[in-house]
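Notebook open, model loaded. I want to jot down what I look up as I go through the fold.

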Amino acid sequence: MADTAQRLFAADALLPTGWARDVLIEWDAAGKLLAVTPGIAPTGNTPRAAGPVLPGMPNLHSHAFQRAFAGLTEFRGEGQDSFWSWRTRMYRFAAKISPGQVEAIATWLYVEMLEAGYTSVCEFHYLHHDADGRPYADDAELSLALLRAAGRAGIGLTLLPVLYQASGFGGLAPSEGQRRFIRSTDSMLRLLERLRPACEAQGARLGLAPHSLRAVPPEGLRDALAGLDAIDPSAPVHIHIAEQTAEVDACLAWSGQRPVAWLLDHAPVDARWCLVHATHMDADEYRRAAASGAVAGLCLTTEANLGDGIFDFNAWRAAGGRWGVGSDSHACVNAAEELMMLEYGQRLSTRQRNVGADAVHREVATALTLSALQGGAQAAGRPVGGLAVGQQADFVVLDASHVALQGLAAPEMLSSHVFASHRSCALDAVFVGGQPRVTSARHALHREAAAAFVAVRSQLLAKD
């Protein structure tokens with residue numbers, strides 16, 4: 001091994017095959033893992049991890065600006081509240097935000113993500129234009145604000161500019177609240193060309209997010225995918241789909257098909273795709289979507305917050321489907337809590353326990369972590385699939401001195417981190433590309449970024 005390699009010794013580490021003891025982790029100056037060697041005696045000058053080492057978790061779905069109004073819609077409006085009433089309030093909030101405010105919100109959010117065990121994020125970015133719906137002088141201004149925020153925080157990024165063209169199935173005209181989101185297909189493809197060198201310079205991945213079938217008519221979807229293939233035929237494609245029963249009903253009325261079935265019949269869905277939410281599928285859709293190789297993007301705390309419904313996890317796994325987790329609207333920013341919410345939702349739905357365990361890993365937290373990691377890495381389109389040679393050196397160190405973890409074996413520490421740490425931080429350190437971004441549970445920008453976020457939120461609320 002070259003002398004320039006950086007090293008960390010872990011008494012316990014979670015590798016793609018499961019837990020291993022006495023693991024030496026080595027990476028190069030570019031942040032790529034060169035060797036992950038279990039069963040090796042530590043040398044005196046090799047740094048030692050403060051607890052078990054886990055692979056960093058990709059966050060496969062984020063709307064960064066929504067972090068600034070998390071917790072501010074938890075009151076009863078007129079009539080019965082739902083996703084759709086929440087969306088109306090979100091539109092009002094989105095109408096006010098400036099590029100500088102987006103950057104401040106995203107910087108703090110990405111710091112929070114790192115402190116919570118996420119080491120990369122897929123940013124589903126649909127806030128494109130100024131408050132009147134006009135392009136900025138630099139059409140990429142808001143996308144570049146997100147790139148700067150990710151670079152400053154040190155989180156890996158998959159940037160997914162959103163194509164948004166209609167307010168409902170059948171190409172209904174956009175509403176006033178959507179004016180900042182709307183783009184023609186040609187405009188979107190020009191934006192992707194503009195962003196490609198900026199993403200490459202930062203090591204970020206660029207993809208495309210057709211917002212949903214209700215927001216992108218069939219011809220727009222067809223032309224955008226063809227244009228994306230001309231730019232990068234391997235680029236990730238993410239889409240909201242079948243999140244709400246009202247969406248399913250509207251798609252049936254428009255096309256005679258359920259949303260996932262329509263998409264599978266009319267688009268080249270494969271392993272590049274992430275089907276965000278996909279909450280309401282029938283048995284045939286579960287089978288066909290899983291067979292396509294697409295990832296199901298589960299955003300458990302947001303889906304609970306919005307009253308979306310419960311994904312049939314057993315049906316998806318039985319069909320061989322891949323999945324990952326995202327924090328979406330950021331009502332919660334905690335990788336472990338998303339896994340806990342997934343497991344608890346399934347327990348409530350099936351009236352059974354330890355649903356997330358599998359044939360290889362009996363420990364629920366271990367099984368869920370490894371599966372979510374693989375699906376998240378696939379959705380991100382980046383080499384962040386765990387502690388293996390050739391992958392990026394993204395990893396998390398648990399704090400073995402945390403009261404919830406003390407005295408436990410490594411698998412039990414991870415279990416307590418997911419199910420019993422009571423929202424207190426059980427992480428000691430977080431590395432992205434081999435660089436320490438969180439030490440002693442705190443990001444270097446924590447205080448500064450938090451203060452900027454609070455100031456921006458106060459400014460936005462003053463405009464209400």
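This is a predicted model: local features need pLDDT of at least 70, side-chain atom pairs count only at pLDDT 80 or more; totals for chains, interfaces and linings use all residues.

Entry 1, a strand pair. I started at Ile239 and looked for its bridge partner, which turned out to be Leu275 in strand 11. Strand 10 and strand 11 (residues 273–277) run in the parallel sense and share 5 bridges. Next I traced the whole sheet: it is open, has 4 strands in the order 10-11-12-13, and the pairing is parallel. At the edges I find strand 10 (237–241) and strand 13 (322–325), each of which pairs on one side only. I also noted the twist, which averages 30° from one strand to the next.

Then I checked burial: 15 of the 17 residues are buried, so helix 2 is largely enclosed by the rest of the structure. After helix 2 comes Gly117, and its phi is positive, near 100°.

How do helix 11 and helix 13 pack? Helix 11 (residues 335–350) meets helix 13 (residues 410–419) at an angle of about 85°, and their axes are 8 Å apart. I therefore put them down as roughly perpendicular to each other. On the helix 11 side the contact uses Ala336, Leu339, Met340, Glu343 and Tyr344, and helix 13 brings His417, Val418 and Phe419. Sorted by type, the residues of this contact come out as 6 nonpolar, 1 polar and 1 charged.

Terms used:
Residues are numbered from 1 along each chain as its sequence is written. Side-chain values use heavy atoms; hydrogens and water are left out. Axes are lines fitted to C-alpha atoms, for helices over the stretch in contact, and angles run from 0 to 180 degrees between N-to-C directions. Helices (H or I, at least four residues) and strands (E, at least two) are DSSP runs, numbered from the N terminus. Angles under 35 degrees count as roughly parallel, over 145 as roughly antiparallel, 65 to 115 as roughly perpendicular and the rest as oblique. Contact means heavy atoms within 4.5 Å. Ala, Val, Leu, Ile, Met, Phe, Trp, Tyr, Cys and Pro count as nonpolar, Asp, Glu, Lys and Arg as charged, and the others, Gly among them, as polar. Two strands pair if DSSP finds at least two bridges between them. Buried means under 20% relative accessible area, exposed over 50%, partly exposed in between (1.4 Å probe, protein chains only).
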